[in-house]
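These notebook entries record what I looked up in one structure.

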Amino acid sequence: MQNRRDFLKTAGALAAGAALAGPFTGCARKAPNVNRLTGKMRLSFEPYELQLRHTFTVASYSRKTTPDVQVRIDFEGYTGYGEASMPPYLGQSVESVTAFLQKVDLSGFNDPAQMEEILTYVDSLSEGDSAAKAAVDIALHDLVGKLWGLPWYRIWGFDPAKAPDTTFTIGIDTPEVVREKTRECADKFNILKVKVGLDNDREMIRTIREITDLPIAVDANQGWKDRQQALDMICWLHEQGVVMAEQPMPVDRLDDIAWITERSPIPVFADESIQRLRDIPALRGAFSGINIKLMKCTGLREAHKMMTLGRALGMKVMLGCMTETSCGISAAAQLSPAVDFADLDGNLLIANDRFDGVKVTAGRLTLPDRPGIGVLPI
């Protein structure tokens, strides 16, 4: 493995180069009438609480709902949809999201396709507020895709047939509930995701193995504190059919994580350690790959750049999510044909979805052949 500290001397230049890259590659084309559209974009939004089908437990908290804000951008008879989902660890709220969105003024932009300029402006309004920025980014992508008459996976030149399986998440719970959740999903998915990081990790995996031998991905959510114990657990998990692990230790233990990754029999992905494009260079060598989430990175514009940089640095790439409606999940799924792992099940974990969008067919993501991000309001 290349020495991380030596690598960091040059990796910054690659990050800068990726940041300068525009949001479009591949076969983008405009519909014939786009240049004649001269109206103003109108941004609107409303809070919406997501109701979870089961109590969701990770190493640090449990919850039954997720706060959310639904966003739309209207322009010349077209509507683009977006959303901001805010699980507790993001440190954002309905109040902070709505306060940010109230500052967004799109009246100075006559052409929605000027996405780099528009989203640079949106990003400049504050240092944080990633979920609020993602909501605007997703809605703008949806709008522009509709204006062009193309889904974003085609604009980027991705083959929808290469969309991967998605994991389905089983949170930390009692053996009885874990068995119930596993039975519900074992015949619908080809890979499961299990939350670990507490003192019942082995019990969780053994309970699932009573029901199914499907491959498993695990997410420790920073729950392991000793690197040798973490490595021992990863080796045991590998023997149980686990194929990848996320965030084995806290974000401030990067050297210990690098030690684990160097010795791990399975790839180790960054989750809490990565937010945005600028975080990637320091993680090369500490992790095998990066988990990109729209709500953390400000949306599709930056997610696409993160994928490009991650690949350039020889890292694996996965797409993750929060609990979201099919709006946010369908947006992320536009990038899915180009990743190694997908964990895009957030819409399947809620009971009050507001959109029809990406589907899971025999465990695999099926991208809708609709323009924009491919969603229809229910």
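Entry on the helix pair. I looked up how α6 and helix α7 (residues 201–209) lie in this predicted model. Their axes come within 9 Å and cross at roughly 45 degrees. An angle of 65 to 115 degrees would count as roughly perpendicular and one under 35 as roughly parallel; α6 and α7 are therefore oblique to each other. I also noted the hand of the crossing of α6 and α7, which is right-handed.

Entry on the contact. Which residues of α6 and α7 meet? From α6 I listed Pro-175, Val-178, Arg-179 and Thr-182. Their counterparts in α7 are Glu-203, Met-204, Thr-207 and Ile-208. Sorted by class, the contact of α6 with α7 has four nonpolar, two polar and two charged residues.

Entry on the largest pocket. I then turned to open space in the model. The largest pocket holds about 350 Å³ of space. I found 19 residues lining the largest pocket, and the closest to its centre are Arg-53, Phe-168, Glu-184, Leu-348 and Leu-349.

Entry on the lining. Which elements each supply at least two residues of the lining of the largest pocket? I recorded β1 (42–57), β4 (168–170) and α6 (175–185). The element that gives the most to this lining is β1, with five residues. By class, I noted 10 nonpolar, five polar and four charged residues in the lining of the largest pocket.

Key. Residues are numbered from 1 along each chain as its sequence is written. This is a predicted model: local features need pLDDT of at least 70, side-chain atom pairs count only at pLDDT 80 or more; totals for chains, interfaces and linings use all residues. Side-chain values use heavy atoms; hydrogens and water are left out. On a 1 Å grid over the protein atoms alone, a cavity is a set of points where a 1.4 Å probe fits but cannot get out, and a pocket is an open set with protein on both sides within 12 Å along at least five of seven lines; lining residues have an atom within 4 Å of a point. Grid points are joined across faces, edges and corners, and a volume is the space filled by probe spheres set on the points. Helices (H or I, at least four residues) and strands (E, at least two) are DSSP runs, numbered from the N terminus. Ala, Val, Leu, Ile, Met, Phe, Trp, Tyr, Cys and Pro count as nonpolar, Asp, Glu, Lys and Arg as charged, and the others, Gly among them, as polar. Axes are lines fitted to C-alpha atoms, for helices over the stretch in contact, and angles run from 0 to 180 degrees between N-to-C directions. Angles under 35 degrees count as roughly parallel, over 145 as roughly antiparallel, 65 to 115 as roughly perpendicular and the rest as oblique. A crossing is left-handed if the near helix is turned anticlockwise from the far one by less than a right angle, and right-handed if clockwise. Contact means heavy atoms within 4.5 Å.
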